[in-house]
Amino acid sequence: MAVSTVVKRLSLAVGLGIAFGIAASSLYAQAPGTSFKAGTSFKDCPDCPEMIVVPAGSFMMGSANPSAPQLEKPQHRVTFAQPFAIGKYEVTQAEWTAMKMENLSGYVAPQRPVDGPTWEEAQEFVRRLSMQTGKHYRLPSEAEWEYAARAGTTSDYITGSMPIEIDRYAWFSLNSGKQTQLVGRKQANAFGLHDVFGNVYEWMQDCYIDHHKGAPEDGRAVPETAGCPRVVKGGSYFSGVGNLRPSDRGRFRPDRGDVTLGFRVARTLP
């Protein structure tokens with residue numbers, strides 16, 4: 001990603017409060033015992049990200065293309081024994097500020113993705129979101145993200161072996177005007193997720209390792225190591241088409257943000 005990085009400071013907002021809207025959020029959360037059907041969407045509070053239930057299943061993670069970088073190999077099977085939920089959209093600036101996080105985005109608008117947060121700031125956001133809702137929100141693992149982004153496809157791009165009509169799904173260097181765009185304006189993938197490719201790169205939970213050797217086969221994140229860089233996926237408004245492949249991978253220091261970086265959240269079910 002040939003763009004200059006910008007360090008974003010952690011929000012100094014305080015006074016989160018013990019209650020923090022739990023009473024209001026209970027109107028939006030699914031009732032106890034309600035099953036989460038694959039493909040359905042829900043919100044746990046008025047200002048929470050909208051979530052999509054992703055079905056249990058398995059897929060081949062990484063790339064089998066001989067010309068793909070070695071950091072995307074070896075291709076390997078990952079199996080999800082249980083469904084999980086992931087954001088329908090990248091976290092917007094409206095959702096970010098609703099959690100009392102300071103908006104330092106370079107391209108300001110409530111329904112644009114928040115841009116520039118560090119991995120550490122994204123962790124603070126999911127912590128606050130979990131506190132408000134009483135649910136386990138987190139960043140997705142790289143395996144969860146790629147499974148959800150592929151949505152059943154197995155080719156280099158979700159449109160096939162070549163990036164034909166990829167502009168129907170993604171804001172990238174050829175159509176974005178070199179800035180973020182409002183979420184949800186491009187076509188969703190087969191799981192109902194918008195902007196998984198382009199708009200902003202998305203932080204993963206995983207520590208970055210420059211290969212998939214020994215990667216978890218159950219969808220968990222690569223284990224923690226002190227000070228490790230973190231995986232980013234999906235490409236951005238600044239990216240070329242090569243970065244819009246589900247298997248494409250990048251990395252950033254967890255304490256550094258960038259105007260091309262954002263994230264979407266995941267949630268453990270129920």
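Predicted model: local features only at pLDDT ≥ 70, side-chain atom pairs only at ≥ 80, totals over all residues.
Colleague: What makes Cys45 and Cys48 a disulfide?

Modeller: The sulfur atoms of Cys45 and Cys48 lie 1.9 Å apart, and a pair of cysteine sulfur atoms within 2.5 Å is taken as a disulfide, so Cys45 and Cys48 are counted as one. The structure holds 2 disulfides.

Colleague: Why is the disulfide of Cys45 and Cys48 called right-handed?

Modeller: The torsion about its S-S bond is about 105 degrees, and the disulfide is therefore right-handed.

Colleague: What makes S2 and S7 the edges of their sheet?

Modeller: That open sheet has 5 strands in the order S2-S3-S6-S13-S7, with antiparallel pairing. Strand S2 (41–42) and strand S7 (137–138) each have a single partner strand, so one side of each is left without a neighbour in the sheet. Helix H4 packs on this sheet, where it touches strand S3 (51–54), strand S6 (84–87), S7 and S13, and the direction of H4 makes about 75 degrees with that of S6.

Colleague: Why do S10 and S12 count as edges in the other sheet?

Modeller: In the open sheet of 4 strands, the order is S10-S9-S8-S12 and the pairing is mixed. Strand S10 (250–252) and strand S12 (261–262) each have a single partner strand, which means that one side of each has no neighbour in the sheet. Strand S8 (residues 201–207) and strand S9 (residues 230–233) pair in the antiparallel sense over 3 bridges, and in S9 the bridge partner of Glu202 is Lys233. Helix H3 (residues 119–133) packs on the sheet by touching S8 and S9, with its direction at about 85 degrees to that of S8.

Colleague: What makes Tyr147 and Arg150 part of the lining of the largest pocket?

Modeller: A lining residue has an atom within 4 Å of a pocket point, and Tyr147 and Arg150 are among the residues that line the largest pocket, where about 160 Å³ of space lies. Strand S4 (57–61) and helix H4 (142–150) each supply at least two residues of that lining, and S4 gives the most, with 3 residues. By kind, the lining residues divide into 5 nonpolar, 5 polar and 2 charged.

How values were computed:
Residues numbered from 1 in each chain as written. Heavy atoms only, no water. 1 Å grid on protein atoms, 1.4 Å probe; cavity = no way out; pocket = protein on both sides within 12 Å on 5 of 7 lines; lining within 4 Å. Points joined across faces, edges and corners; volume = space filled by probe spheres on them. Nonpolar A, V, L, I, M, F, W, Y, C, P; charged D, E, K, R; others polar. Pairing = 2+ DSSP bridges. Contact = heavy atoms within 4.5 Å. Axes fitted to C-alpha atoms, helices over the stretch in contact; angles between N-to-C directions.
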